[in-house]
Amino acid sequence: MSEPGTPFVIRPAQGTDDTALAELDRATWSTLHAVQPRPVPPYRPFFDEAHPPEQHLVAEPVTEGAVGDGRIAGYIRVCAPTPLSCNQHVRQIQGLAVADWARGLGVARALLRAAGDAARREGAVRLTLRVLGHNTPARRLYESEGYTVEGVLPGEFFLAGRYVDDVLMGCPLTG
């Protein structure tokens with residue numbers, strides 16, 4: 001499930017990915033994208049009842065023609081934004097992280113595209129996300145993949161001593 005020429009493959013997450021994904025999440029934590037405080041021990045499991053493996057896609061490197069060398073390059077979490085039946089045509093990205101060693105290899109872009117493909121297979125016609133206003137690199141990536149700003153919640157969060165906008169973006173999955 002990867003694009004030709006990429007040095008990684010995108011696959012559904014498995015329960016056995018819990019520790020590696022939790023470590024990746026902690027390693028990539030930053031006020032550039034996180035609104036929760038920095039995680040501290042004892043750490044909670046990555047997967048739980050509200051965030052099961054089936055909501056996640058994982059990118060892992062391809063090594064010498066074989067998939068994986070035990071490292072995870074990144075993940076994306078895609079789920080229904082609400083449990084309402086009238087909202088089931090929408091999927092929402094609720095997490096995206098790429099390991100420092102994998103940055104610049106197209107992992108985030110491939111994960112976004114795979115998320116769109118997975119959402120289409122589930123019958124979704126729209127994919128949405130929220131991004132912090134000061135996260136310029138992420139906003140540029142999303143815009144380059146067809147996402148547009150659909151709303152802004154000014155000063156929604158107070159992070160690292162300043163107010164930060166919450167930017168709502170969306171992308172049609174049809175046409």
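User: Which helix does aspartate 117 lie in?

Analyst: Aspartate 117 lies in helix α2, which spans residues 107-121. Helices are DSSP runs of H or I with at least four residues, strands are runs of E with at least two, and both are numbered from the N terminus. A word on the source: this is a predicted model, where local features need pLDDT of at least 70, side-chain atom pairs count only at pLDDT 80 or more, and totals for chains, interfaces and linings use all residues. Residues are numbered from 1 along each chain as its sequence is written, and side-chain values use heavy atoms, leaving out hydrogens and water.

User: Why is aspartate 117 called partly exposed?

Analyst: Buried means under 20% relative accessible area, exposed means over 50%, and partly exposed is in between (1.4 Å probe, protein chains only). Aspartate 117 has 38%, so it falls in the middle class.

User: What makes the pair aspartate 117 and arginine 120 a polar contact?

Analyst: A polar contact is a pair of N or O atoms within 3.5 Å; within protein, one must be able to donate a hydrogen and the other to accept it, and residues adjacent in sequence count only if both atoms are side-chain atoms. The side chains of aspartate 117 and arginine 120 are joined at 3.0 Å, so the distance meets the cut-off.

User: Now histidine 56: is it buried or exposed, and how do you know?

Analyst: Histidine 56, in strand β2 (residues 56-63), has a relative accessibility of 2%, so it counts as buried. Leaving aside neighbours within four places in sequence, histidine 56 is in contact (heavy atoms within 4.5 Å) with residues including Phe46, Phe47, Tyr75 and Ile76. A polar atom of the histidine 56 side chain also lies 2.9 Å from the backbone oxygen of proline 52.

User: And why does proline 52 count as it does for accessibility?

Analyst: Proline 52 is found in the loop between α1 and β2, and its 14% relative accessibility makes it buried as well.

User: How do you know which class alanine 160 belongs to?

Analyst: Alanine 160 has a relative accessible area of 70%, so it is exposed. Its place is in the loop between β7 (148-159) and β8, and its phi is near 50 degrees, a positive value in a residue other than glycine.

User: What puts the buried residues of α3 on the same side?

Analyst: The buried residues of α3 are Ala138, Leu141 and Tyr142. They cover an arc of only 95 degrees around the axis, which is why they share a side of α3; the arc is that of the directions from the helix axis to the C-beta atoms. What covers them includes β5, α2, β6 and β8 (162-172).

User: Last one: what makes a space a pocket?

Analyst: Work on a 1 Å grid over the protein atoms alone: a cavity is a set of points where a 1.4 Å probe fits but cannot get out, whereas a pocket is an open set with protein on both sides within 12 Å along at least five of seven lines. The largest pocket has a volume of about 1800 Å³, volume being the space filled by probe spheres set on the points, which are joined across faces, edges and corners. Its lining (residues with an atom within 4 Å of a point) has 49 residues, and Asp25, His33, Tyr75, Gln94 and Gly95 lie nearest its centre. The largest share of that lining, seven residues, comes from β5.
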